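Have a look at the picture before reading on.

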Amino acid sequence: MKFAVLGAGAIGAYVGAALARGGADVTLIARGAHLAAMQSRGVRVLSPRGDFTAHPGATDDLAAVADADVVFVALKAYSLSEIAPQLGALLAPDSAAIWAQNGLPWWYFQSLPDLPAGAGLGDVGVGGAGLESVDPGGLIARSIRPEHNLGCVVYCSTEIVEPGVIRHIEGTRFTIGEPDGSVTQRCKLISEAFAAGGLKAPADTRLRDQIWLKLVGNVAFNPITALTRATLGELGAVPQMRDLLGAIFAECAEVASQLGIRFPVSLDRRLEAGLAVGDHKTSMLQDLEAGKRLELDCMTGAVIELAERLDIDVPHVRTVHACVKLLDQLARASSKR
């Protein structure tokens, strides 16, 4: 099985290195100094589970996806609209595209088996327009054929220490699933390849439950850490912050319940698990410090859009979204000066 990793940053390079270590044929697609380092020295992974170096192929040419059986897409959600038309044209007819983004994925309503009738969802659903916050104008859905899509929920924390060097902090689970909830042969083969590289990629028939379990943390933890510059562990130091995080969790859960979601663990446990990660900066805080655009619309923006359609009030999510939206604009304006 041949893999291409599109967006081989902290997560993508780690996945690609692990797959290559397990014997898979892997090509990493990246750019800049990080790409140059991986081309010359391979990918160096520093991990509590053991350090290792792998030497997958590396390129900046998107055409490398054309002969891949599986394309692991690790780009930021806001980058997908720009690249989707070209990517869709390049994907081989029988290939799988694993979408490993934060937040609510653009394909969420594809083949949804238990979409509630009515409930103010309007044209969201099978063949519908989807959510503007995650797929503006429906461009991605029009560009990528449905049969390519595989969902993925990433439970793994990594950081780029320097070009070509990835620090793995915790987590090795990349839960995958078909949009219609089936467990297919390609899911089994992908799971085996991940396992050979020391990772976990179980196929879940209710992947959307897992998406929401992670999403509530994304919506609460990521923007708050960007606003406060706190690590996940530091968020638990103030009781009022725990109350705020809990309120955001509750608002997200109310939206999720209207979509038929059953959380696989309690939200209290999810909150404590996030805080227990400790001295780790969320991807949003890392992006802020690196001067990159913040990934907002697929997280807080998606929850707000769904809440509006379902006539649910989410004041805490709205407030945090507005604050981080302004922070993002000011930070990007400052970086251009």
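Predicted model: local features only at pLDDT ≥ 70, side-chain atom pairs only at ≥ 80, totals over all residues.

Nine strands make up an open sheet with mixed pairing, in the order S4-S3-S9-S8-S7-S6-S1-S2-S5. Strands S4 and S5 stand at the edges with a single partner strand each, so one side of each has no neighbour in the sheet. On average, neighbouring strands here are turned by 30° against each other, direction ignored. Strands of a sheet pair through backbone hydrogen bonds, either parallel or antiparallel. S6 and S7 run parallel and are joined by four bridges; Val70 has Ala96 in S7 as its bridge partner.

Now for helix H3, residues 80-90. Its buried residues are Leu80, Ser81, Ile83, Ala84, Leu87 and Gly88. They cover an arc of only 145° around the axis, which puts them on the same side of H3. Glu82 and Ala89, on the other side of H3, are exposed. So what do the buried residues of H3 pack against? Here are their partners:

| Partner of H3's buried residues | Residues |
|---|---|
| strand S1 | 2-6 |
| strand S6 | 70-73 |
| strand S7 | 96-99 |
| helix H4 | 139-143 |

Last up is helix H6, residues 207-228. At 1.5 Å a residue, its 22 residues should span 32 Å, and the end C-alpha atoms are 31 Å apart, which agrees. H6 does bend, by about 30° at Asn218. The helix is mostly covered, with 20 of its 22 residues buried.

Methods
Residues numbered from 1 in each chain as written. Heavy atoms only, no water. Buried < 20%, exposed > 50% of the residue type's maximum accessible area, 1.4 Å probe, protein only. Helix = DSSP H or I, 4+ residues; strand = E, 2+ residues; numbered from the N terminus. Arc of directions from axis to C-beta. Contact = heavy atoms within 4.5 Å. Expected span 1.5 Å × (residues − 1). Bend = angle between axes of the 7 residues up to and from the residue. Pairing = 2+ DSSP bridges. Axes fitted to C-alpha atoms, helices over the stretch in contact; angles between N-to-C directions.
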